[in-house]
Amino acid sequence: MKSRILVIDDEAAIRDSLRMILEYEGYEFLGAATGQDGLAMVERENPDLVFLDIKMPGMDGLEVLQRIKAANEAVPVVMISGHATVTTAVDATKLGALDFIEKPLASERVLVTIRNAIDRSRLADENRSLKRVVEVRHQIVGESPHLKKVMDAIRRAAPTNATVLITGESGVGKELVARAIHRNSLRSRDRFVQVNCAAIPDDLIESELFGHEKGSFTGATEKQIGKFEQADKGTIFLDEVGDMSLKTQAKVLRVLQEGEVERLGSARTIKVDVRVIAATNKNLEDEIEKGTFREDLYFRLAVIPVYVPPLRERKDDIPLLVRHFADLFARDNNFRPKRITPAAMDVLQRYRWKGNIR
Ligand SMILES: Nc1ncnc2c1ncn2[C@@H]1O[C@H](COP(=O)(O)OP(=O)(O)OP(=O)(O)O)[C@@H](O)[C@H]1O
Ligand SMILES: [Mg+2]
């Protein structure tokens, strides 16, 4: 498809010469002689790139630029001027202009600018669609009454700062629930820091969580900021919390009680403002019986308990999940979406799904 380029300049000679250059190179040219007309065209024609003169009678280029950006930040704008001064260039970049070219216009320079600008906005588009893909992957699919209860719990828990304990079998979606709580919380602009307590060796977990000073133990060659500090103002997700040693449990309890951490090898306490979400596929009450989990920590964590039931108890979700994943994988692999016959769906619905959704 031809890229469409709008030139806003009061000088007819400039518009004409740009028209020649652009059309010769196979671009579609749009022209406007005033800022006012230009703005209307940006809105109506949604060009891929705008060349914008700075000095124009009436509304000048910087004002037009501001208005374009206010209406749609994504439109790439390149400023043109015969009176280029460093300060206007800086002003224009601050206001969101991508680049700056000077009159008289050299056709090579114009074409390079166009290529750069259009490549860059294509990249930005790709980033936007990547972000959408991430969102699709973190989407919680399902409409069963069981899952609705989970969604209600997410909605209720999200705006608070209360600690949440998510339980359920392996693969039921505990991490998704944790992310959804963070995403819907007031902390969503800050970080979601995940710690897999089962995957980190016991002698490293404390420095992972709380950080350490350089030289605090053999092998501590550099200072390390702990996950609690990294998550300041955001959310920390303590995954597989049932696998944490009693010693680490005692330290985590202290953070929850005092809201402060100490790096290993340092006596200084650091205040942290962190919301804690924990998850486990163990039955912590059993672990308390066995003496492997602290009861006081359990009560601190389970302020809002959220139980995610296994898939076999919410068979209504299976057809929706099957379609969701079939579409996702088809898209990933450039297949046409698969159709699933009612008989096949029936088999899928009766299956036991020991690994649940994972
Ligand atoms: N309701 C759902 N809709 C869509 N995808 C889901 C749903 N529940 C789980 N998933 C997907 O299933 C996989 C497992 O989910 P998740 O990691 O959240 O489960 P988990 O309970 O933390 O599992 P584990 O105990 O194995 O760590 C992920 O890829 C997740 O995206
Ligand atoms: Mg998990």
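**Pockets and ligand**

Tutor: Helix 5 is the top contributor to the lining of the second largest pocket, giving seven residues. Helices are DSSP runs of H or I with at least four residues, numbered from the N terminus. A pocket is an open set of points on a 1 Å grid over the protein atoms alone where a 1.4 Å probe fits, with protein on both sides within 12 Å along at least five of seven lines, and lining residues have an atom within 4 Å of a point.

Student: Before we go on, what kind of model is this?
Tutor: It's a predicted model, where local features need pLDDT of at least 70 and side-chain atom pairs count only at pLDDT 80 or more, while totals for chains, interfaces and linings use all residues. Residues are numbered from 1 along each chain as its sequence is written, chains are lettered from A and ligands numbered from 1 in the order written, and side-chain values use heavy atoms, without hydrogens and water.

Student: Switching topic, where does ligand 1 sit?
Tutor: In the largest pocket; sitting there means more than half of its atoms lie within 2 Å of the pocket's grid points.

Student: And which helix gives the most to that pocket's lining?
Tutor: Helix 7, with five residues.

Student: Which backbone atoms does ligand 1 come up against?
Tutor: Oxygen atoms of ligand 1 are 3.1 Å from a polar backbone atom of Gly 173, 3.0 Å from one of Glu 175 and 3.0 Å from a backbone N or O atom of Leu 176.

Note on methods: Helix = DSSP H or I, 4+ residues; strand = E, 2+ residues; numbered from the N terminus. Polar contact = N/O pair within 3.5 Å; in protein donor to acceptor, adjacent residues only side chain to side chain.
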